[in-house]
Amino acid sequence: NGWHVFCDIDIDEQNELLNITIPQDFLDSAIYPITIDPTFGYTSAGGTQAIIYNTIHGNQYTPPAVMQITSMSAYMALGGAVNNVGLYGIYRNSSNALLASSAATALTATTDWFTIPITYNADLETDVILAASANGTLGYGTNIYIYFDTNASYSYRGLSYTYTGTLPNPITWGTSTTGRAYSIYATYTVPDRTIT
């Protein structure tokens, strides 16, 4: 039915456990199935910065089988830059075609998760790149950064380009290798299905 509820979250770093507790009154009246924390990508705020000004960064993922992407989020530091905008996209890994793009969206000058609406039905996709870009007016000593963690199991992409408010389609990546997990993830819903 599209119902949503905020849950309690408990993170035990020492034992590497994440517990999400759903309110009982929601469960008592819910229509099943229930999706908990419906995201894919890298949801941790990374410990290292990479410049994202006039740059596109992304990671390769296999989406869940049946899904409708509703937004993307990236963890960025905008520092003293002003007139900041974020632009997110979803690329098909095999052809580098742009499958969906967000609108260029104004961002506040801070360090935070920045979420931008983007709509894409990824039912038939088996291999995508979640990508982020940002731009702004840089003052002396300022830049715009995205965060990442070093992780050999992640395949990442990068491209330096002149920001125009749209993403390249198709894209020719300047970097295509492994070792970085950028703090970028997609949030999705599972659409209703009618079986005939």
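**A strand and its partners**

Modeller: Ser73 stands opposite Thr115 in β10. Keep in mind that this is a predicted model. The strand to follow is β6, residues 68-77. Its pairing with β10, residues 111-121, is antiparallel and rests on 9 bridges.

Next comes β14. This strand covers residues 184-189. It also pairs with β6 in the antiparallel sense, over 6 bridges. Here Ala74 has Ile184 as its bridge partner.

Then there is β12, residues 145-160. Again the sense is antiparallel, with 2 bridges to β6. Met76 of this pairing has Ile146 in β12 as its bridge partner.

How many residues of β6 are buried? The count is 9 of 10. Buried means under 20% relative accessible area. The strand is therefore largely enclosed by the rest of the structure. As for side chains, those of a regular strand alternate between the two faces of the sheet.

Now the surface. Ile9 lies in strand β1, residues 8-12. Is Ile9 buried or exposed? Its relative accessible area is 55%, so Ile9 is exposed; the cut-off for that class is over 50%. Ile9 belongs to a nonpolar surface patch with Ile11 and Leu18. Together these three residues have about 320 Å² of accessible area.

Ile9, by its 55%, is exposed.

Conventions:
Residues numbered from 1 in each chain as written. Predicted model: local features only at pLDDT ≥ 70, side-chain atom pairs only at ≥ 80, totals over all residues. Heavy atoms only, no water. Patch = residues over 30% accessible without salt bridge, like charges linked within 9 Å, V, L, I, M, F, W, Y side chains within 5 Å. Areas by Shrake-Rupley, 256 points an atom, 1.4 Å probe, with all protein chains shown as cover. Salt bridge = Lys/Arg side-chain N within 4 Å of Asp/Glu carboxyl O. Helix = DSSP H or I, 4+ residues; strand = E, 2+ residues; numbered from the N terminus. Buried < 20%, exposed > 50% of the residue type's maximum accessible area, 1.4 Å probe, protein only. Pairing = 2+ DSSP bridges.
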